[in-house]
Amino acid sequence: MVLTEDPNSELMTRLVDSVKEISTLPECRNVSKKMHDNLVRRIKLLSPLFEELKDNNEELSEEETKGFEVLRTALDSAKELLKLVVEGSKVYQTLHRDDIADKFNRITEKIEATLSEIPYDKLNLSEEVQEQIELVHAQFRRAKGRPELQDHQLEVDLAIAQREKEPDPAVLKRLSEKLHLQTIDDLKKESLAFHELVIASGEDPGEWFKKMSSLFKKFKDYVQMANPEANCSGAEKAMIKHRSPVIPDDFRCPISLELMKDPVIISTGQTYERYCIQKWLDAGHKTCPKTQQTLLHMALTPNYVLKSLIALWCESNGVENHPKQPGACGSKNGGSGITDCDGSAIASLLDKLANGNLEQQRSAAGELRLLAKRNADNRVCIAGAGAIPLLVELLSSTDPRTQEHAVTALLNLSINDINKGTIVNAGAIPDIVDVLKNGSMEARENAAATLFSLSVVDENKVAIGAAGAIPVLIKLLCDGTPRGKKDAATAIFNLSIYQGNKARAVKAGIVPPLMRLLKDAGGGMVDEALAILAILASHQEGKVAIGQADPIPVLMEVIGTGSPRNRENAAAILWSLCTIDSQQLKLARQFGAEEALKELSESGTDRAKRKAGSILELLQRADMTETQS
């Protein structure tokens with residue numbers, strides 16, 4: 001059946017219009033940006049196909065017309081999804097990023113499947129358009145089932161902002177910038193968009209707003225503090241801008257983070273404010289604060305070139321820049337209680353840690369905990385003043401609250417990479433493990449988080465494992481609060497990157513509790529359990545232990561219904577088991593492995609496809625062996 005040209009022309013016009021509408025959608029500025037931009041780019045490449053068919057007024061068969069109708073429906077669905085991510089709540093999309101990614105993947109699959117059905121190679125197309133459509137079809141094919149890389153820092157920051165009463169401003173700053181929530185007007189629009197998305201999703205709005213009201217208040221407080229121009233008139237904004245010019249990073253002292261007035265060079269070539277580096281040296285340090293290199297000598301050489309550049313910048317920006325007076329390094333005005341990096345106040349707190357009674361120690365440790373949490377500047381100043389060895393001593397305090405304050409202060413200080421080394425060198429690891437074993441639940445949770453922070457440095461993984469941390473982390477994984485379990489799992493995963501710690505974890509009996517968490521879908525620990533099992537499955541003892549825990553039924557369930565990342569990890573575990581034990585391969589077949597793995601080899605992540613293909617090859621070899629025998 002051949003259709004008349006008018007319906008054909010109308011169909012192509014609608015397809016051209018669909019692409020134009022998608023191309024003119026506003027810019028995406030949230031967590032879905034990469035998925036949004038990639039889909040829009042690929043769809044725009046389809047436009048020459050529709051335009052050429054429209055111009056040629058070519059008659060289409062019924063099959064071809066049906067294919068283009070299905071493609072138009074797919075593009076309409078794509079347009080609705082793209083509008084949703086552009087106009088919808090940024091926070092809601094971040095919290096539901098896996099669902100959003102699945103929607104993008106389904107759209108990609110639908111467009112790719114439709115292009116596979118349209119015999120565009122038989123259409124009367126120019127060679128250039130033919131090549132472009134083959135190229136874009138290949139791009140859709142490659143993109144199908146391939147998840148975008150997640151922003152793990154964004155996940156961590158959002159979890160901290162939700163969980164903590166007073167999140168570190170640095171966390172809120174990163175969230176504000178990544179989610180483009182930088183003015184009160186942005187937050188008003190976001191709040192409204194969040195409300196609309198929750199209502200549209202059919203979820204309980206009361207429960208969501210109870211969770212989110214606190215988060216939006218934290219954003220609002222941060223925005224008002226960080227952006228005083230937000231609600232000012234034009235004249236006031238100009239005054240603020242003149243009053244507070246942005247200081248170039250190269251003009252800031254790495255210790256105080258303030259504008260340098262008397263910059264000097266040390267033997268490593270780094271430049272610091274004279275008073276701040278002199279104070280560091282006077283405290284007995286023989287290393288560069290920024291690089292941790294050992295200093296060849298203690299001489300301070302004036303940096304006349306930088307001092308001249310700073311003077312020119314100050315003059316052009318109307319900034320006074322007199323040399324710092326002793327005692328002023330890093331001090332800031334404003335706020336209540338101890339001001340940030342108030343040297344004399346921090347010295348007073350350290351004196352209480354060293355010489356005070358129990359109540360004074362508890363109070364001082366608590367204040368240092370809060371100061372260290374507040375910003376990066378404080379973490380440098382507190383560590384530079386010598387607080388870390390004193391806090392390590394308090395890890396052995398018989399007062400539970402003092403112990404909690406001490407371990408949490410060390411956790412906050414460990415965010416700074418240089419401080420990680422200072423904490424380990426102060427002999428903290430065995431004491432942190434002891435807190436993890438015997439402390440209050442809050443102290444145990446923060447001890448686990450501290451071990452995770454320290455384990456970012458590879459050599460610390462070895463020391464932490466040797467100190468007996470893994471069995472105690474497994475205990476917290478079993479009997480901790482939901483937050484404690486998460487902290488324990490994160491630390492165990494990071495420690496298990498080191499091969500020796502995999503054996504320690506298996507010998508300590510980690511596999512049975514991980515399998516329990518994996519089977520408890522409502523417990524919120526499935527992702528973590530699978531990630532740890534996948535890394536343990538690369539170790540011979542880990543494979544054996546997992547194989548003895550009846551893993552096949554739950555692994556096949558995850559491969560069939562899990563998130564892309566979980567399906568990938570489940571396939572990796574299954575592959576490791578099947579390579580050493582033919583019984584596991586037979587069991588997998590009984591639980592429908594062939595069908596599930598074929599589907600995964602087509603729609604999974606790249607790694608999941610490889611693992612699924614490898615297991616399917618093992619199944620084929622097993623079939624051939626049985627046939628021959």
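Phe 68 is buried, with a relative accessible area of 0%, and Phe 50 is buried too, again at 0%. Here "buried" means under 20% relative accessible area, "exposed" means over 50%, and "partly exposed" is in between, using a 1.4 Å probe and protein chains only. Keep in mind that this is a predicted model: local features need pLDDT of at least 70, side-chain atom pairs count only at pLDDT 80 or more, and totals for chains, interfaces and linings use all residues. Residues are numbered from 1 along each chain as its sequence is written, and side-chain values use heavy atoms, with hydrogens and water left out.

So what do these two Phe residues do together? Phe 50 and Phe 68 form an aromatic pair of the edge-to-face kind, with 6.4 Å centre to centre and 80° between the planes. For a pair, the ring centres of Phe, Tyr or Trp (its six-membered ring) must lie within 6.5 Å; planes under 30 degrees apart are stacked, over 60 edge-to-face, and the rest tilted. A search of the whole structure finds one such pair. Phe 50 sits in helix α3 (residues 47-56) and Phe 68 in helix α4 (residues 62-87), so the pair ties together parts that are 18 residues apart in sequence. Helices are DSSP runs (H or I, at least four residues), numbered from the N terminus.

Next, have a look at helix α6 (residues 97-117), where Thr 114 is found. Thr 114 is buried at 4%, and Ile 107 is buried at 9% relative accessibility. Both have C-alpha distances to list:

| C-alpha pair | Apart along the chain | Separation |
|---|---|---|
| Thr 114 and Lys 66 | 48 residues | 9.8 Å |
| Ile 107 and Ala 78 | 29 residues | 6.2 Å |

Now for the backbone. Most residues other than glycine have a negative phi. His 180, though not a glycine, has a positive phi of about 55°. His 180 is in the loop between α9 (169-178) and α10 (184-201), and is partly exposed at 25%. Asp 550 also has a positive phi of about 55° without being a glycine. Its loop runs between α29 (540-547) and α30 (552-561), and Asp 550 counts as partly exposed at 47%.

Finally, the second largest pocket has a volume of about 680 Å³. A pocket is an open set of points on a 1 Å grid over the protein atoms alone, where a 1.4 Å probe fits, with protein on both sides within 12 Å along at least five of seven lines; lining residues have an atom within 4 Å of a point. The volume is the space filled by probe spheres set on the points.

The lining of this pocket has 29 residues, and Pro 254, Ile 255, Pro 289, Lys 290 and Ile 418 lie nearest the centre. Elements giving two or more residues are α17 (376-384) and α20 (417-425); α20 supplies the largest share, six residues. The lining divides into twelve nonpolar, eleven polar and six charged residues. Domain 3 (249-316) and domain 4 (342-426) each give at least three residues to the lining, with domain bounds from an automatic or database assignment.

Methods: Ala, Val, Leu, Ile, Met, Phe, Trp, Tyr, Cys and Pro count as nonpolar, Asp, Glu, Lys and Arg as charged, and the others, Gly among them, as polar.
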